[in-house]
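User: I've got a structure open and I'd like a quick tour. Can we start with how far to trust it?

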Amino acid sequence: MIQISSEAGRSVARLEGEFTIYQAAESKPPLMAAIADSEELEINLAGVTEIDSAGLQLLLLAKREALRTGKSVRLVAHSEATLAVIDLLGLAGYFGDPLVLRA
Amino acid sequence: MSSNPALNEARDTFFAESREMLQVIEDTLLALESNAADDETINALFRAAHTIKGSAGLFDFERIVRFTHVVESVLQRVRDGAIRLLPPLVSLLLVCGDQIAALLAEAEADTLAKSPAPHPNTDAHGAELVAQLNDYLAPAAAGGALLRTADPIAEPVPAAHGGVASEHWHISVRFGPDVLRNGMDPLSFVRYLGSLGRLISVSTVFDGMPDAATMDPETCYLGFEIALMTDADRQTIADAFEFVRDDCALRILPPHSKLAEYVQLIAAMPEDDIRLGELLVRSGSLTEAELAAGLSAQGQRRVPGEAPPQLGEILLGQQSVEAPVLNAALDKQLRVRERVAQESRFVRVRADKLDQLINLVGELVVASAGVNLRALALKDAALQEATASLTHLVEQIRDDALQLRMVQLAETFNRFNRIVRDTARELGKEIELQIEGGDTELDKTMVEKLADPLMHLVRNAIDHGIEAPEVRAAAGKPRCGTLTLAACHDSGSIVITVRDDGAGLSRERLLKKGIERGLVAPGDQLSDSEVFNLIFAPGFSTAQTVTELSGRGVGMDVVKRNIQALRGVVSLGSEPGRGTTVTMRLPLTLAIIDGFLVGVAGAMFVVPQELVIECIEAPALDLQQDYLNLRGEVLPFLRLDQMLGSVGEPVATRNTRRSSVVVVRTGSGKAGLLVDSLHGEFHTVIKPLGKLFQNIRGVSDATILGNGEVALVLDVSALVGSAATRLQGGTVPAHGSRALAQAV
Amino acid sequence: MSALTQTAPARLQAGESGETSRQYLAFMLGGELYAVEILRIKEIIEYGALTTVPMMPSFVRGVINLRGSVLPVIDLQARFGRAPTQVAKRTCIVIVEIHSDAEDAASQSQTIGVMVDAVNEVVEINANQIEPPPSFGVKIRPDFIAGMGKLGKQFVILLELDKVLSVDEMASLAVQSASAPAAEQALLERNAGD
């Protein structure tokens with residue numbers, strides 16, 4: 001589930017629950033709209049319990065779209081599931097967000 | 001079936017592009033029959049099949065995906081060198097191409113129909129072909145489980161043989177678009193590999209992901225370059241991908257692989273625009289440290305005013321990269337850039353949008369001509385100059401716009417490669433097709449309308465023209481006959497010839513048939529050219545057996561009508577024993593006419609410029625004769641004021657006016673058109689006259705003059721034809737009429 | 001070429017409303033009143049700049065250029081088998097759209113110009129004010145008439161446009177006219193009088 005809101009002058013997208021192929025199709029439009037509608041988008045991943053390649057692709061798309069249009073997209077509050085995936089695929093550099101690394 | 005316009009358009013594009021790719025496959029296979037296969041050609045075949053399969057998968061055209069997959073697998077084995085592309089396989093692949101075309105057609109029909117229909121015949125045929133294709137896939141079964149992997153696995157080589165220093169396995173994988181839909185998750189494969197040892201590095205590649213609008217969240221665009229340190233053997237690593245074997249491109253390089261393996265890997269990677277450094281790092285040839293060192297050295301060595309040395313150069317200098325790998329990486333970058341540049345050189349445009357544009361440009365021409373006329377009437381020099389330059393620019397725009405519709409004849413001509421090959425084989429003849437002037441360009445609509453007449457002429461030449469090999473050998477000719485399709489430009493027209501070196505036409509047989517059919521009287525003197533052109537008369541067929549190929553009674557008269565509908569002329573020449581040549585002469589485009597404006601009985605008409613040979617003043621005429629002496633030639637002429645009667649003033653009984661005769665080209669000679677006045681050349685847009693006028697013979701279209709008035713375009717061959725017919729019904733035909741009859 | 005606009009407000013027919021009533025353009029032809037459904041009419045232009053087309057029956061007066069399209073102009077009087085219309089001050093061309101059941105979409109609807117003596121006004125005629133054409137007495141072909149509309153004390157002849165301007169029929173007459181000009185007139189008269 002994805003919730004878009006406005007906080008302190010920027011857009012925030014909160015992802016809750018599973019972010020997999022089952023949610024991918026319906027998550028893409030709001031995510032893209034949120035990027036289009038604001039200069040700064042924060043994607044809060046604290047509630048993500050499970051993420052697969054489809055979910056990852058959407059995050060990659062969001063980041064690429066932001067880079068392309070000169071906007072800013074940040075991933076914050078990575079849940080364990082999202083951390084694991086980003087770590088596994090060595091994508092920390094690509095996203096460029098500060099990660100809270102496990103000890 | 002979908003009401004989504006964007007999806008429908010994408011699907012239409014899929015059908016169009018798949019057909020183009022099938023044509024590429026066919027052309028390539030035909031070329032392979034005469035030339036040995038090289039890697040690039042085989043790659044092209046594989047890519048084309050792969051693309052069709054992948055795109056078909058996007059639209060859920062299962063039958064196409066399933067069939068093309070088998071074809072692709074066979075081509076894959078050819079690419080690997082496991083099977084050779086010998087003639088029997090080429091023939092099989094050609095038939096498979098036809099099957100894919102049939103499947104495409106059925107898929108297209110099914111999308112338009114309310115519910116898809118079953119296609120038992122195609123399916124049965126497909127099953128036969130798959131069985132034959134499987135024969136090619138079977139032999140490797142004995143070789144072990146490796147056969148199903150999409151890409152080969154290299155043998156590990158000890159470091160002593162010059163392999164790279166890296167001690168880890170390098171795995172390069174690109175997942176296919178359906179992986180997610182099929183219930184697989186690429187992440188799980190990476191995790192599993194991790195469980196086999198230690199993942200040194202993973203690089204995620206998603207260059208294939210399209211822009212946000214087109215990106216499909218359920219399609220997989222991911223690939224990875226993985227460095228894995230493990231004690232597992234190659235089989236175990238390959239097995240990790242068992243469930244997606246058919247759905248991914250996989251390459252596994254053991255530790256200390258030969259340099260050549262890495263070079264090959266770089267070449268095989270999908271098209272990304274990746275910086276050179278990343279490429280080398282991802283391929284494991286460079287460590288991060290070496291790359292960092294190279295980058296900092298690059299910064300230090302820059303001399304002010306000098307361009308910074310390219311990354312590759314420095315790395316070579318520091319000797320941290322093997323030169324061949326470097327060059328391979330550089331080559332790849334160059335090729336990627338070239339391909340991107342090339343792809344952006346073409347734009348796909350809908351034909352009806354182009355037609356609309358050209359219509360508007362035509363209006364622009366008329367409007368600017370009108371402005372020009374006004375300027376002339378006002379006698380303002382500065383204004384005239386301005387409108388003159390305006391007209392000039394507008395005409396340039398029009399010419400450029402028309403150029404957009406021009407396509408090369410090569411595409412059409414090349415299609416005959418397959419037809420000649422198959423037909424010749426059917427008849428047990430050996431025939432080679434030669435193409436000359438394929439780059440000659442013609443308006444797209446005309447090219448489409450030429451396909452049928454050309455087909456007929458080619459079949460005629462194969463069927464009746466070129467003899468069986470034994471007959472040819474007995475006559476001292478080479479066993480293999482030659483059929484030539486040639487095109488060239490000639491004074492504003494395009495000339496297309498179909499030439500064969502066959503038996504030629506027998507004048508006696510033609511003449512005999514002509515007498516039989518009542519076209520010729522027994523005592524008539526006919527030139528060779530006149531005899532040969534009898535073949536264009538309706539219902540005239542001298543073939544002993546009307547074969548299935550050339551059709552019953554659908555003869556040269558249909559070809560002639562088709563060519564005339566394109567405002568062209570067709571003629572035929574032949575040398576018994578040596579061959580036959582059919583020549584078609586057409587205007588470059590039907591949209592615009594280069595016309596010659598003439599006045600007849602107070603009305604304006606246009607004569608197509610490409611038919612006009614010259615204009616002469618009519619000498620004082622004796623009304624009994626309808627021919628005159630053109631420098632020793634008999635020139636029959638038409639009195640247009642009588643033929644186009646009921647237009648304006650009544651006809652005078654004697655020509656008291658100074659008239660002119662426009663000498664025009666006809667099928668096999670010349671004719672004259674007697675007109676009242678000449679008004680010069682015009683370059684205007686053709687407008688159709690409409691169904692109401694479809695039965696008139698003598699006028700073909702309309703055109704709009706600069707003053708906005710409509711002028712009618714004369715159909716010269718129809719006028720000549722109807723004059724001849726009328727005269728043949730008369731009493732004593734004058735000599736001129738005979739010449740006219742032959743000129744039809 | 002200017003367009004003539006409506007000259008008077010629509011005349012309503014006394015009687016029940018609620019029944020389907022449609023609007024028609026009434027025009028004069030040889031002193032008689034005819035009408036055509038207004039939905040078929042695209043525009044009305046002045047008569048002028050006609051290019052004659054040879055070898056066509058006399059009811060095809062020629063073609064005109066209307067903003068880049070070449071359209072045929074039909075003389076209805078001649079089409080009905082009478083003497084051709086004399087061009088007068090109020091003669092104009094009514095551009096109409098006709099439908100045929102041709103197989104290809106492109107020829108299913110065509111635009112044709114019709115020459116009339118004068119254009120009157122737009123009238124509204126209720127369906128229950130339309131009577132079927134008599135079997136004789138109206139001197140044009142019965143299949144050309146859609147019905148007789150009552151307009152006050154007058155009857156106005158409602159034309160079946162698709163039949164009057166049937167391209168297929170007119171085109172076939174062209175063939176005959178091209179081969180035997182003298183017979184053409186007789187043929188036309190026979191056609192018109194049936």
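Predicted model: local features only at pLDDT ≥ 70, side-chain atom pairs only at ≥ 80, totals over all residues.

User: Which stretches of chain B have a pLDDT below 50?

Analyst: Residues 140-163 of chain B are one such stretch. The model gives this stretch 43 contacts beyond near neighbours in sequence. In residues 311-320 of chain B, pLDDT also stays under 50. There the model has 25 contacts beyond four places in sequence.

User: What is chain B built from?

Analyst: Chain B has 23 helices and 21 strands. It has 744 residues, and 46% of them are buried. Take the contacts in chain B between residues at least 6 apart in sequence: 70% of these join residues at least 24 apart. The accessible surface of chain B is about 36,700 Å². Carbon and sulfur atoms account for 53% of that surface.

User: Now chain C. How many helices and strands?

Analyst: Chain C has four helices and 11 strands. Of its 194 residues, 46% count as buried. For contacts in chain C with a separation of 6 or more, 61% involve residues 24 or more positions apart. Chain C exposes about 9,500 Å², with 52% supplied by carbon and sulfur atoms.

User: Switching topic. How many aromatic pairs are there over all chains?

Analyst: A search of the whole structure finds 11. One of them is B:Phe15 with B:Phe61. Their ring centres are 5.5 Å apart and their planes meet at 40°.

User: Why is that pair called tilted?

Analyst: Planes under 30 degrees apart count as stacked and over 60 as edge-to-face, with the rest tilted. The planes of B:Phe15 and B:Phe61 are at 40°, so this pair is tilted.

User: Where do those two sit in the chain?

Analyst: B:Phe15 is in helix 1 (residues 5-34) of chain B. B:Phe61 is in the loop between helix 2 (39-58) and helix 3 (62-80) of chain B. The two are 46 residues apart, so to speak linking distant parts of the chain. Both B:Phe15 and B:Phe61 are buried. They also belong to a cluster joined by ring pairs, along with B:Phe14 and B:Phe59.

User: How is the B:Phe189 and B:Phe241 pair arranged?

Analyst: That pair is stacked. The centres of B:Phe189 and B:Phe241 are 5.8 Å apart, with 5° between the planes. B:Phe189 is in helix 6 (residues 186-196) of chain B. B:Phe241 is in the loop between helix 7 (234-239) and strand 4 (248-253) of chain B, and 52 residues separate the two. Both are buried.

User: Which rings have an arginine over them?

Analyst: B:Phe46 is one: B:Arg79 lies over its face, 4.0 Å from the ring centre. C:Phe59 is another, with the charged end of C:Arg79 over the ring at 5.2 Å from its centre.

User: OK, interfaces. What area is buried between chain C and chain B?

Analyst: About 2,000 Å², with 71% from carbon and sulfur atoms. C:Pro54, C:Met55 and C:Val70 supply 28% of the area that chain C buries against chain B, more than any other three residues.

User: What about chain A and chain B?

Analyst: The area buried there is about 1,900 Å², and carbon and sulfur atoms give 67% of it. In this contact, 22 residues of chain A meet 24 residues of chain B. A:Gln57, A:Leu88 and A:Leu89 supply 32% of the area that chain A buries against chain B, more than any other three residues.

User: Last one: B:Leu689. Buried or exposed?

Analyst: B:Leu689 has a relative accessible area of 7%, so it is buried. It is in the loop between strand 19 (677-687) and strand 20 (699-704) of chain B.

User: What does B:Leu689 contact, leaving aside its neighbours within four places in sequence?

Analyst: Its partners include B:Val699, B:Leu712, C:Val63 and C:Val70. B:Asp701 is one of them too. B:Leu689 and B:Asp701 are 12 residues apart in sequence, and their C-alpha atoms are 5.3 Å apart.

Key. Residues numbered from 1 in each chain as written. Chains lettered and ligands numbered in written order. Heavy atoms only, no water. pLDDT = per-residue confidence, 0-100. Contact = heavy atoms within 4.5 Å. Buried < 20%, exposed > 50% of the residue type's maximum accessible area, 1.4 Å probe, protein only. Areas by Shrake-Rupley, 256 points an atom, 1.4 Å probe, with all protein chains shown as cover. Phe/Tyr/Trp six-rings, centres within 6.5 Å; stacked < 30°, edge-to-face > 60°. Lys NZ or Arg CZ within 6 Å of the ring centre and 35° of its normal. Buried area = accessible area lost by both parts, 1.4 Å probe.
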